[in-house]
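These are my notebook entries on one protein model. I record what I looked up and what I found.

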Amino acid sequence: MPNDRSVAENNTFFIRRGRIILSGDVSEHLGLYVQPDLNASPGSGDFSVQLRDLYGDVYLDKAKEYRVRIGQSKVPFGWSNMQSSGNRGPLERVDAINSAAEGERDLGAFFYWAPDEIRKRYAELIKLGLKGAGDYGVVGFGAYSGQGLNKLDLNDTPHVIARVSYPFQFSNGQFFEAGVQAYSGRFVTGTQAITVGGSTFTPSTRVGGITDERGGLSAVWFPQPFGIEAEWNVGRGPELSPGSRSIGAETLHGGYVQLAYKDQNKLGHWYPFARWQYYSGGRKFAVNAPHELVNELDFGIEWSPWTPVEFTLQYTHTFDR
């Protein structure tokens, strides 16, 4: 699978993992980023186009340390959710974190700040192939719809979010990033009729949305050559009741721990990994927000013989529920 990007001379057009991306600065204080998704199929047709990203970065200073991102972009919750799929080792994201923002994106406005030295450090983590998540600031906060990628707002009540994260570099060159994040809002869950015990009914839900709030911690010891990632979040969110009659706010928790090793030899780059993930809580983006229990172990290896190409082999064991 393609992992790198083919960049035009002006550095504003490239192709990443089969998606055409337009990116660049329009002026000293404005940058634009556009990423369509040519594989989406939201309607009855077999093919269509949706937007993954469409946002502008308004730079508040010449050094671009302070910026406001407006449009559809990644929600700054969870280090692994912001990590590009081209940098991630395992084939899929973690349910416990991704369930906060499936598709990772939403429509909103976010303020980001990071000093120039740290912005360069974020870029270096990517350049060195250490699976960095990119530059989402040392401090980030803002408001967003909360209804998800390419979805209409249904309650005129935005989610609010804040995140603080810092990438340390020790004297021996080792990188370590720690972060904390939280959001709060009200989520409108889609419902449909279900049949239980011969009776058909539609679960009731609260008009204006259901409480949707989480807090989480992230810690990443980058693979130099050994690495470990760990994230955990807790909160409350929409979930179908045990009797399936109503949808209300219930507690949720979960996260993951991942071990990895980074190696390079004459055959290419190697990245073996092992990950345990766990999640217990409602799946708010699914119809009727059913309870989801995930308890899995993933074992895999990523091999990249050349920079633009990578292959991943993964085995997943799901524990009995």
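Are Tyr-33 and Tyr-55 buried or exposed? I found that both Tyr-33 and Tyr-55 are buried, where buried means under 20% relative accessible area, exposed over 50% and partly exposed in between (1.4 Å probe, protein chains only).

**Basis of the entries.** The model is predicted, so I note that local features need pLDDT of at least 70 and side-chain atom pairs count only at pLDDT 80 or more, while totals for chains, interfaces and linings use all residues. Residues are numbered from 1 along each chain as its sequence is written, and side-chain values use heavy atoms, with hydrogens and water left out.

**Overall form.** I looked up the secondary structure and found 3 helices and 18 strands; helices (H or I, at least four residues) and strands (E, at least two) are DSSP runs, numbered from the N terminus. The radius of gyration is 20 Å, close to the 20 Å that the globule rule gives for 321 residues, so the protein is as compact as a globular protein of that length. This radius is taken over C-alpha atoms, and the rule is 2.2 Å times the number of residues to the power 0.38. The C-alpha trace spans about 65 × 45 × 40 Å along its principal axes. Buried residues make up 45% of the 321 residues.

**Aromatic rings.** Rings of Phe, Tyr and Trp (its six-membered ring) pair if their centres lie within 6.5 Å; planes under 30 degrees apart count as stacked, over 60 as edge-to-face and the rest as tilted. Tyr-33 and Tyr-55 are stacked, because their ring centres are 5.2 Å apart and their planes are at 10 degrees. This pair links strand 3 (residues 30–37), which holds Tyr-33, to strand 4 (residues 50–59), which holds Tyr-55, and the two residues are 22 residues apart. Phe-111 and Phe-141 form a tilted pair, with 5.1 Å centre to centre and 35 degrees between the planes. Phe-111 lies in strand 6 (residues 105–113) and Phe-141 in strand 7 (residues 139–144), so this pair ties together parts that are 30 residues apart in sequence. Phe-141 counts as partly exposed, at 44% relative accessibility. I also noted one aromatic cluster formed by Tyr-166, Phe-168, Phe-170, Phe-176 and Trp-221.

**Helix 3.** Which residues of helix 3 are buried? I found Ile-118, Arg-121, Tyr-122 and Leu-125. They cover an arc of only 100 degrees around the axis, which puts them on the same side of helix 3; the arc is that of the directions from the helix axis to the C-beta atoms. On the other side, Glu-117, Lys-120 and Lys-127 are exposed. The buried residues pack against strand 8 (159–169) and strand 9 (175–187), where contact means heavy atoms within 4.5 Å. Gly-129 follows helix 3 and has a positive phi, near 70 degrees.

**Backbone.** Most residues other than glycine have a negative phi, and most peptide bonds are trans. I therefore listed the following cases separately.

- Glu-104 is not a glycine, yet its phi is positive, about 65 degrees. At 6% relative accessibility, Glu-104 counts as buried.
- Asn-150 has a positive phi near 55 degrees and lies in the loop between strand 7 and strand 8.
- The peptide bond from Gln-224 to Pro-225 is cis, with omega near 0 degrees. Pro-225 is in the loop between strand 12 (210–221) and strand 13 (226–240).
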